[in-house]
Amino acid sequence: MNKKILSLFFIGIFICMNSCGCSKDNNSESGNERTTEGVEVKPLYSTSRVLKNPLSGWVMYCSASADTSYLDKEEYVAVEGRNVKVMDYSSALYIRTKWSVLNPADGKYAWNDPDSELYKLLKAAQRRHIPVAFRVVVDGRDQGANTPQFVFDAGAKYAVENDKYPDRKTPMPQDPVFQKYYEKFIEAFAAEFNDPEKTAFIDGYGLGKWGEGHSVAYNVNDVNAVDENTETLKHDVLDWITKLYAKNFTKVPLVINYHRFLGHPLGQGTFNPNSEGLVSLAIQNGYCLRSDAFGMNNSSWGYTDWEKNIASQWRYKVPIIMEGGYIVNQHSYWNDGAGYRKGHPEDVRKGEYDASKEAHVNMMDFRVGGETDSWFQDAFDLVKSFISEGGYRLYPDKVIVPGSLKSGVSAKIESRWRNMGWGYFPNNLKQWNYKYKVAFALLDSNDEARQIFVDDECEPSTWIESKPFLYVFDTPEVSVPSGSYTWAVAIVDTTDGNNPAIELAVNAETTTEGWVKLAKVNIIQ
């Protein structure tokens, strides 16, 4: 099978304005050498289509105890004079919850209990075909009993920061009893959710205050204590927990919060010199990145130059997920160094958006309550801008396929691809292992794919910054009976029967299964 990648270097992008969604041309495009004979098809790029793709797009938030009706939440968009459903703009549902909620008793799990709110929520999400994501929080400071009581009853060590709140226990993550029960929980958790059909990603660290990865306590007498053993404990605990998740979540992406005090007992200040190495260790163990402080410009506890440098360092190597740092109806965001105006939450939304664009994030957040309201009511233009610009948006801007072909011979197909979003298509993740591939199909009159040809060397993780990537593919021998067929293209999941898996950013006729139609072809004997 002969395949080659031809490098194209030129300025500008071609957008076809043909009203049918694509144009066909048997002449070469001006300024580009044409190497393949056949029918040239130029699918029309879509700037506004909401793509429900893995690790890309907006993320809807809710609690594990949320009423299922929240999944149908609507927002009135004044600038358009209409109601819209938040889920129509979302590609994942993020649930940040307590270990004690998921695992209330030893061996008992909420996802197996039809009477639990979580069970009902998960079933409602499945009916709406939206995958879920989780962060499991264990530290009880500020939130209450996050780790199940049976873990402490078994002897796990813990600290209580304030004697007025004895139930707010902070477990010691290096403690062997804690690790024993946590490992048991993660094994059961993954047995249920290590499934890309139902799970978008797992926020797999969850230590420290609010599970954000900073303010991690290792001393039962002083949650803020730092001593000569702290750095070793940080490394060993992070290595243990990330390997634990990676061992069990082999099919679902994992993320960790990149914070300048990652794993450290402190949470504010300049940065800890070992934090960058811990980020690298997590990525080495199979993790992607996220931050919970986008839009916060306070040098002590916000999204600082340190976090920006981490995002830059790992750009186009792993995807990045954002969460805004401010809750506009609770925090004094107008004191931020960015100069946000009091009473103008749209300033915060713009600050989050600009920081997200700088970091080239794949996903942005619709957090519950006022934050989601604010995006739709104060900054709907930015919601649409992220749909158009953010995440990854893959499409073929030119495909040349044979118009007629003999059965029993190979077809030569030329295709040129672009990623028009600022984000990264992470086909290289350990959990994905390059499973997504460009494929061409011969569709019969019922739009059934009678033969599929997978181009193994057309690699979408290399497509960045809207640059064109040109490929010439010699298919295996055509083996369908003679007759009239339609060429179609898709990015398929090779671990799922080569079914179309990634929505392409095109305005073109597409089958129910996701094949984008290209051109007719006659197969003769």
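Tutor: Arginine 418 lies in strand β18, which covers residues 410–419; strands (E, at least two residues) and helices (H or I, at least four) are DSSP runs numbered from the N terminus. The model is predicted, so local features need pLDDT of at least 70 and side-chain atom pairs count only at pLDDT 80 or more, whereas totals for chains, interfaces and linings use all residues. Residues are numbered from 1 along each chain as its sequence is written, and side-chain values use heavy atoms, with hydrogens and water left out.

Student: Is arginine 418 buried or exposed?

Tutor: Arginine 418 counts as buried because its relative accessibility is 1%. Buried means under 20% relative accessible area, exposed over 50% and partly exposed in between, with a 1.4 Å probe and protein chains only.

Student: Which side chain does arginine 418 make a polar contact with?

Tutor: The partner is aspartate 397, and the contact joins the two side chains at 2.7 Å. A polar contact is a donor and acceptor pair of N or O atoms within 3.5 Å, where residues adjacent in sequence count only if both atoms are side-chain atoms. A polar atom of the arginine 418 side chain also lies 3.1 Å from the backbone oxygen of serine 466.

Student: On to the cysteines. Why does cysteine 62 count as buried?

Tutor: Cysteine 62 counts as buried because its relative accessibility is 5%. For cysteine 458, the relative accessible area is 0%, so that residue is buried as well.

Student: Changing topic: how many cavities of 30 Å³ or more are there?

Tutor: The count is 5. A cavity is a set of points on a 1 Å grid over the protein atoms alone where a 1.4 Å probe fits but cannot get out, and its lining residues have an atom within 4 Å of a point. Points are joined across faces, edges and corners, and volume is the space filled by probe spheres set on them.

Student: What is the volume of the largest cavity, and which residues lie nearest its centre?

Tutor: Its volume is about 120 Å³. The lining of the largest cavity comprises 15 residues, and Leu51, Ser56, Gly57, Ile387 and Arg393 lie nearest the centre. Two or more lining residues come from each of β4 (57–62), β7 (90–98) and α10 (380–389).

Student: What lines the second largest cavity?

Tutor: The second largest cavity has a volume of about 50 Å³. Its lining is made up of Val138, Asp139, Thr170, Pro171, Pro173, Leu207, Gly208, Val216 and Ala217.

Student: Now helix α6. Which of its residues are buried?

Tutor: In α6, residues 275–284, the buried ones are Ser275, Leu278, Val279, Leu281, Ala282 and Ile283. Just after α6, glycine 286 has a positive phi of about 110°.

Student: Which residue other than glycine has a positive phi near 60°?

Tutor: That is tryptophan 210, which is in the loop between β11 and α5. Most residues other than glycine have a negative phi. Tryptophan 210 is partly exposed because its relative accessible area is 35%.

Student: And where does aspartate 447 lie?

Tutor: Aspartate 447 is in the loop between β19 (436–443) and β20 (449–455). Its phi is near 65°, a positive value in a residue other than glycine. With a relative accessible area of 25%, aspartate 447 is partly exposed.

Technical notes
1 Å grid on protein atoms, 1.4 Å probe; cavity = no way out; pocket = protein on both sides within 12 Å on 5 of 7 lines; lining within 4 Å.
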